[in-house]
Amino acid sequence: MEIGVCVLLAFLLHQVAHVGGQGDGGHEGCVPGFQVKKYQVMYRGPFQKGQRLLQVEFDDCAGNEDVTFGVSDPGFHVDGDLNLVPLRDLPHSEPVLFIRGLSARADDLAQVDIIGTRGRSAETLGDIVGQKLPYRSKRSLLVPNISISENERGPFPKFIGQTHLISTGEPREQIFRMTGPGADQDPKGLFTIDMNSGAVSVSRSVDREATDSYQLEVSTTDYSGNLIEGPQVFRINVIDQNDNRPIFKEPQYTGEVLEGSPTGTTVMTMTAFDADDPNTDNAVLRYNIVKQSPDKPSPNMFYIDAERGDIVTVIAPTLLDRETLPTTTYELEIMAKDMAGSEVGLTGTTTATITITDKNDHAPEFTHPLFEAHVYEGSTGVVVNLTVDDRDDPATAAWRAMYSIISGDPTQSFEIQTNPDNNEGMLSVVKPLNYEASEFLSLLIKVENEDPLVPDVGYGPSSTATVHVRVEDINEGPVFFPDPLIVTRMENIPVGSFVASLNATDPDILEKQSIRYAVLQDPAGWLSVNPVRGTVNTSASLDRESPYVYDNKYTAVFIATDNGTPPATGTGTLIIHLEDYNDNAPYVLPSVARVCEDTYDVTVAVVGGWDKDLPPNAAPFKIELGTQPDLDKTWNVTRVNSTHSQIRLLRSLKKDNYQLPLLITDSGVPPLSNNTEVKVQVCICNKNRMHCSSAHSHRARFLVPLATLLLTLLCL
């Protein structure tokens, strides 16, 4: 077969690597190695033995006397004229060949791309050679990165790539070994390498979405396992196939747009995800609205940006009127397609529900210009419900009504609250009305929304209404004035004394009615009232110290009844402030004291005076010994302050109980005195304990010695 070979030489960037430097006597400026690093050969048919394919440019800067060359494909070699020629007839070759030039001064690699030959793509020389080869090494292990497609069909195992061993020395027996994830690590056995040829195969299909690349190591050893070359790292990259549909994060999306929004208003953004390679069209998505439901007033009310997924309004603002649209919610079926939306792309769908929200573009209007109400005087509560219409969305601030009274209520007797269930205004009386003051009222009511109206809408005449309130007369009970009535009286005034005069009037001034008085509450039973005149007198003695008196005040309640039909009643309170009278004698506390026997000139107790009366009918108190003879020989009482005095024992007494008479006098005019006694227990004291007598006490007058004297006289 006739063969045509076109050789194209292209100088690429800088050299990948070189070993060795420029020696003494070398050409000035010479760089040892391949002067051109990359070559191209156009494949036009099978290669014939001995045919010149290209001439490499190699200079070790010392005359190239001992240069040897090795080629990654053993079917080729470099002759003495630096020509790359086949050693035998070859139907095809690997798409990339690597030539190694080695001398005492240079160790360099060049790449030859065979354009148009069958085989798999390989990595460039710069990708393969990651570092310098050992200086003056006789062989090199070249492992290109490999790319395979996911989801490939069998038969398996399937060849996917070739490792290269370039040797410039004597042939040596060696085997290829591969390690790493996918080889001898999980997933074990996915990739295998032919131990003799270095061919790499895959044993089953791979999934890029599970693992997008595998990093492995290849080395060569002798049959004893001794390392010869490597390990060399290479990567198997999994090429993506469009095997994943776009998926929306949510099965249904919701959004809102305000009625009357300008055309082009963004409603929401749809986002789908594709598990395929994001750097390929397999994951490039385009969005589209498949269907709008309902399709009125236009089937194209919304538009979706194909690339960004933004849903915007297309309908005119005047047509986007919530109150005139057939529905307030629209459902869109959204489709996302990969492959940038091409016909072969995979699709995923979801639903977007868009709600047309309300703005306050309708003022509330009363259903009637006039409302009427009837209310009994003296009563409170709701008297009428005011009804309004509002076309805005119920239960929103644009619909909820607020009512206010503009005029007709100077005394603020009325109040309006909004019923949250039906938006009605509940007009209530909060201060009882008086028929005699006014039997007819006219109120002007205004209604507004919680939200302000849009600028081009205002409140009209229908947003106000009039309420006529007619007050119905009832027989009102008498009213006491003042209430309460407060008077001051001295306690213990004579029975029948005048206390107060009650004053009750009938509010029904248009009718002449009589009033009768009676006692309703008189806890102590001290008072009586004249049923016609309303004068209050004492029926018993007033006692300030009574348990019915609180804070010197006694309270009674009276009732007044008119003669209307039916009769009406009213109550009034009388508070009597009682002034104190010195009618309670003072007394002494404590009434018991203890002292150890055989002690004297000690304080037995400090006693205080107490009085139910108030100053100046109480303290200061005068406390002194009783009038019995010889008390002052044993006891002594001295004043401590205006209310207390101390009792001292002047001589020691034996264990017994003694009654010490005392006289206490208050400061009232006239003063009151009280003869009292303090029981003094003389006890045996031992180790902080007191042993006291429980027998009857001795009088402090020493009745025992007196009885002894009388007994002696009788015996004589």
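**Chatting through the disulfides, a core and a sheet**

Biologist: How many disulfides does the structure hold?

Modeller: Three disulfides, in what is a predicted model.

Biologist: Which cysteine does cysteine 30 join up with?

Modeller: Cysteine 30 is joined to cysteine 61, with 1.8 Å from S to S. That pair ties together distant parts of the chain, 31 residues apart. Cysteine 30 is in the loop between β1 (6–9) and β2 (33–34), and cysteine 61 is in the loop between β5 (58–59) and β6 (68–71).

Biologist: Is the link of cysteine 30 and cysteine 61 left-handed or right-handed?

Modeller: Left-handed, with -85° about the S-S bond.

Biologist: And cysteine 30, buried or exposed?

Modeller: Buried, because its relative accessibility is 11% and the cut-off for buried is under 20%. Cysteine 61 has 6% relative accessibility, so cysteine 61 counts as buried too.

Biologist: OK, next one. What does cysteine 596 pair with?

Modeller: Cysteine 685, and the S to S distance there is 1.7 Å. Cysteine 596 is in strand β48 (residues 592–596), while cysteine 685 is in strand β54 (residues 673–686). They are 89 residues apart, so to speak distant parts of the chain being linked.

Biologist: Which hand does the link of cysteine 596 and cysteine 685 have?

Modeller: Left-handed, at -95° about the S-S bond.

Biologist: How far apart are the sulfur atoms of cysteine 683 and cysteine 692?

Modeller: They sit 1.8 Å apart, and the two cysteines form a disulfide. This link is right-handed, with 100° about the S-S bond. Cysteine 683 is buried, with a relative accessible area of 0%, whereas cysteine 692 is partly exposed at 21%.

Biologist: If I number the bonded cysteines in sequence order, what is the pairing?

Modeller: The pairing reads 1-2, 3-5, 4-6.

Biologist: Changing topic. How many residues are in the largest nonpolar core?

Modeller: There are 24 residues in that core, and Met270, Phe302, Ile311 and Ile334 have the most contacts inside it. Six strands, β21 (252–258), β22 (266–269), β24 (286–293), β25 (302–304), β27 (329–337) and β28 (347–357), each supply at least two of its residues.

Biologist: Which strand gives the largest share of this core?

Modeller: β27, with four residues. As background, nonpolar side chains tend to be buried together in soluble globular proteins.

Biologist: What is isoleucine 311 in contact with?

Modeller: Setting aside neighbours within four places in sequence, the list for isoleucine 311 includes Met270, Phe302, Leu332, Ile334 and Ile354. Thr265 and Thr266 are among the contacts too.

Biologist: Now the sheet with β30 in it. In what order do the four strands come?

Modeller: β30-β37-β36-β33, in an open sheet with mixed pairing. The edge strands are β30 (370–376) and β33 (401–407), and each pairs on one side only. From one strand to the next, the twist averages 30°.

Biologist: In which sense do β33 and β36 pair?

Modeller: Antiparallel, over six bridges, with β36 covering residues 440–449.

Biologist: Which residue in β36 does isoleucine 405 stand opposite?

Modeller: Isoleucine 445.

Conventions. Residues are numbered from 1 along each chain as its sequence is written. This is a predicted model: local features need pLDDT of at least 70, side-chain atom pairs count only at pLDDT 80 or more; totals for chains, interfaces and linings use all residues. Side-chain values use heavy atoms; hydrogens and water are left out. Two strands pair if DSSP finds at least two bridges between them. Axes are lines fitted to C-alpha atoms, for helices over the stretch in contact, and angles run from 0 to 180 degrees between N-to-C directions. A disulfide is a pair of cysteine sulfur atoms within 2.5 Å. Buried means under 20% relative accessible area, exposed over 50%, partly exposed in between (1.4 Å probe, protein chains only). A nonpolar core is a set of buried Ala, Val, Leu, Ile, Met, Phe, Trp, Tyr and Cys residues joined through side-chain atoms within 4.5 Å. Contact means heavy atoms within 4.5 Å.
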